[in-house]
Amino acid sequence: MNHTSDTRYSPRRILIFALLISYALFCLFPLVLALVNSFKTRSEIFTNIIALPEHLEFGNYGRSIKSMRYFRSLLNSAFISTAGLTGIVFFSSIAGWALCRFKGKLSTAIFSLFVLSMLIPFNAIMIPLYRIATVLHLSNTLWGMGWIYSGLGVGMAVFMYHGFVKGIPLDLEDAARIDGCNLLMTFKNVVFPLLLPITATIGIMNLLWMWNDFLLPLIMLQSPSRYTLLLSTNMLFGKYASDWPAILSALILSALPMIIVYVLLQKHIIKGITEGALKG
Amino acid sequence: MAHQNATKRNLQLLACTAPALIVFITMKIIPAVMGFWYSLTSWNGINPKKPFIGLENFREIFTTDSYFWDSLLFTFRYTIWIVVAMNILALLLALGIESQRRGKGVFRTLFYLPNMISLVIGSFMWNFIFTKVLYYMADTWGWSFLDHSWIGDPTFSFYAILTVALWGGTGYIMIIYIAAIQGVPEVLHEAAIVDGATPFQRLRSITLPMIAHSFTICLFITLNNAFQVFDVVYTLTGGGPGRATQVVAINIYEEAFNNSNRFGYATAKSLIVFAIVLVITSIQLTVMKRREQEL
Amino acid sequence: MKKEKTMKKITTVLVMLCISMMLLSGAGTKEQASPAKKVTLNVMMSFPRFTEEMEAYVAQFEAKMLEEKGIEVEVELEMPSSDQYRNILQTRLSSNDAPDLFTLHATADLPTYVEAGYVADLSSQPLAAKLYPDVRTSVSVDEKVYAVPFESTVWGYLYNKDIFEACGITAPDTLDEMKEVVRVLKQNGYTPFQLAFQEQWVPQLMTALLLGGKVSGEIPDWVDRMYADQGSYREVADIFEMINLVMSNGTPRAMETGSEQGAADFANGKAAMYIQGTWSAESILSVNPEIRIGVGALPVNNNEDCTRVNLATTTSLAVYADTPQKEMAMEFANYILDDEDSSALYESLKFNPVASCHDFDQYDWAKDASRYVAEGRAYMDLVLPQAVTNEQGKLLQSLYVKQVTVDQFITIMDQTFKAANKALAQ
């Protein structure tokens, strides 16, 4: 939106730039402060909060890693997210595709069901869900969490797959059928590879959601050895409420995976948001 | 022949959608239906017995549960503030970024960063700031306007929650606005410049109308999320002091999982909230879709 | 083209990750379905803050069983967070998915659980004979022992002995004496009370102590009447005098101070008294090992009879009545009070001695508290509905920030108790 009429260093530009910088600082403020202070000793924090640490106290990180069973929690979160994602992707892709190809009353009905379900807020179902999970022996298991997230996430994913499949021409599928492929083979060999772009988007969006989800794991997971990263961090906060360096290092460690993912997959993430929102 | 084909097609459709349907019905539909059922009982979550009491829960909510309505009111107040603030802020940031020549990508990346980190973690970081850093600044640099009980004082904790929610949520909305702004055809702007329009006039007459559809979406998203806010408040103030910052999601959570474990009663409350959200977002969507068409 | 490649890579990685996860978890479960002579015990406990110590103790148990009996035991220790512990336990008990051993709150829960038939009788086990008489009573119903006590505490409020001695004061026995103590402390430049109200259970300790003292000293049937919807908080309204005294003479920024922070501040001498239980001693000492802690009974009014310490056996371990692993479960229960190893465990958890097998010295403050008990100035922990204690904590927070008045507090608490009664009846 840079037009020839705008001069390069007009006061307006500079003002806007300054405001943007301020907001950028606002965004970074908590992170930087947490990072800087996570390397200090307990007494150092109280002397000067803003300054850089005297020397890097890695011991804080050591303590946090041990207390919150960092690697275990990390694995738990990764497992749950991956399991949930697999379920969501595989179930929704074929469902979304079928709903688009087999038009008719049944498909409209099923599709509406999926779409309407997106409106159901988590609060309304969390208690019965807890009950169901207990009955099905899914509570307090990582597998169970994967199944639950699948169930919760297919609605939106089906919607997105459906929208995407609409834009794929039928020719390739027809050709496959003529070649003698049955339904499943057609999907697997011809359609699914074409769905990769939207799959990536769906993958990233759901990964973010599941990884950072708090309430569901809080209710479902009871053994600390099965806690997700967020739950472990939460537990640590209660345990070490006055040991700020330890807590801050734990926070940094918790945020790290997502930050790394962000740095690597930025473009896709942003694309995913825009596509997801504007198509809806 | 056609009939046979239709049946076969329907079966195939069902086969494909079966896995998705099964998990989804198990995890979302059945709980929703059970929710309706539980709200009509006095189940306490533990006892296998679930005595049916009809609409008694609802009667109780409407007549004696002032805490629930207080939390609802507080949630309303929070929602209005955050919907307005977040959308305005996001729009301004989007416009600001788009008006720059360079560094657009960097700013966009930075502004979305807080969203990537769970609000739970973000709230803890802000907790550190509110309970330690700000006091330090107030004491050492004499910035006494910072010397307030940001978490303990009901007046200020509201703003603390807003700040953290804005910090962690604006990026997402901003990105949507950026995409919408980028979608405005250049030719319109060029033509307007030729006609001698100022940037502000261009903003008002071209940009804003052309991104109207994104307003609808963003408003829907922010509205929906604001009503169900939990993470931020839970980790920052826990709903306290007392119940001063208790949003409705926390009220329901505590009713079910702390206190007397009144699951049936709590479910009834969540149904009421659901109904309210449904009505409000439906109104919002209908009104705005109509206005979009007019524009 | 490049985009597609990246997409493919991402998908492949995800799929690989998923498959390897599935294999790993599959492998894990296979191991457990191992040969006989292996016993698995499910133990559920409600103190996640002692996870490390308990895991170590469990490992010792497993080693001992292997050595002495040649049985390979695997103890699966579950430590849910304490706020949800009861829900989880009760859900599992009612859905026949109960752990073999589990902790419960002796004073509050034992009668109900015994009646429901969930816990096994331990009276004939070696552990029962070792228990101290007072403690034994607290884990018994109808003279039969039903749980192994872990945390048996006597508590009131904590005070800094050095500060008290420097000011020439001793622990007060009446409200007026406490007012004098406050005056002297302030005169000497000390802050009387450490306030840590961020977590509502901490201010709730005040109501617990004050109600306990008032009720046992003057209105012994108050709790029963409250349960029958026949009492009112107005009868105990003088507890608010002490509450007011504490809130007006405490450390600043109380709402920003959590319990651990409060312990740290108290340890560093920021205040002379901290209304916290003796379980906090561990945290306090870890910050300042030099501090000399004393325990005092919190006065309610000018009736010395109301100034008492709280005697509570809280977390105790019970054996599930219908466990298929009865023998091994009993072994584990007995091991908790093992002649050789138990002392070390209780010492590391900073718990009081509860049985004759404990030969470690009581900490000074524990001796302080026991003195009150010996003088007959203790009361058994009052059992109030959880909704009531939660509400008390919240209202105290609101009271502190001046959002409710004492009058409103009383009215609301009466309503809350009635609502809790109603919920219990359903």
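A: Pro169(A) sits in the loop that links helix H7 (142-166) to helix H8 (171-178) of chain A. Helices (H or I, at least four residues) and strands (E, at least two) are DSSP runs, numbered from the N terminus. The model is predicted: local features need pLDDT of at least 70, side-chain atom pairs count only at pLDDT 80 or more, and totals for chains, interfaces and linings use all residues. Residues are numbered from 1 along each chain as its sequence is written, chains are lettered from A and ligands numbered from 1 in the order in which they are written, and side-chain values use heavy atoms, with hydrogens and water left out.

Pro169(A) is partly exposed, at a relative accessible area of 47%. The classes are buried (under 20%), exposed (over 50%) and partly exposed in between, with a 1.4 Å probe and protein chains only. From Pro169(A) to Pro197(A) is 28 residues along the chain; their C-alpha atoms are 16 Å apart.

Now the chain around this loop. Chain A has 13 helices and zero strands. A box of roughly 75 × 65 × 35 Å, taken along the principal axes, holds its C-alpha atoms. The radius of gyration of chain A is 24 Å, while a compact globule of 280 residues would have one near 19 Å. That radius is taken over C-alpha atoms; the globule rule is 2.2 Å times the number of residues to the power 0.38. Buried residues make up 59% of the 280 in chain A. Of its contacts (heavy atoms within 4.5 Å) with a separation of 6 or more, 73% link residues 24 or more positions apart. Chain A exposes about 11,400 Å², 71% of it from carbon and sulfur atoms. Such areas come from the Shrake-Rupley method with a 1.4 Å probe; for residues, only the protein chains shown count as cover.

Ile50(A) is partly exposed, with a relative accessible area of 32%. Together with Trp141(B), Trp143(B) and Phe145(B), Ile50(A) makes a nonpolar surface patch of about 420 Å². Patch residues have over 30% relative accessible area and no salt bridge; like charges are joined within 9 Å, nonpolar side chains (Val, Leu, Ile, Met, Phe, Trp, Tyr) within 5 Å. A salt bridge is a side-chain nitrogen of Lys or Arg within 4 Å of a carboxyl oxygen of Asp or Glu.
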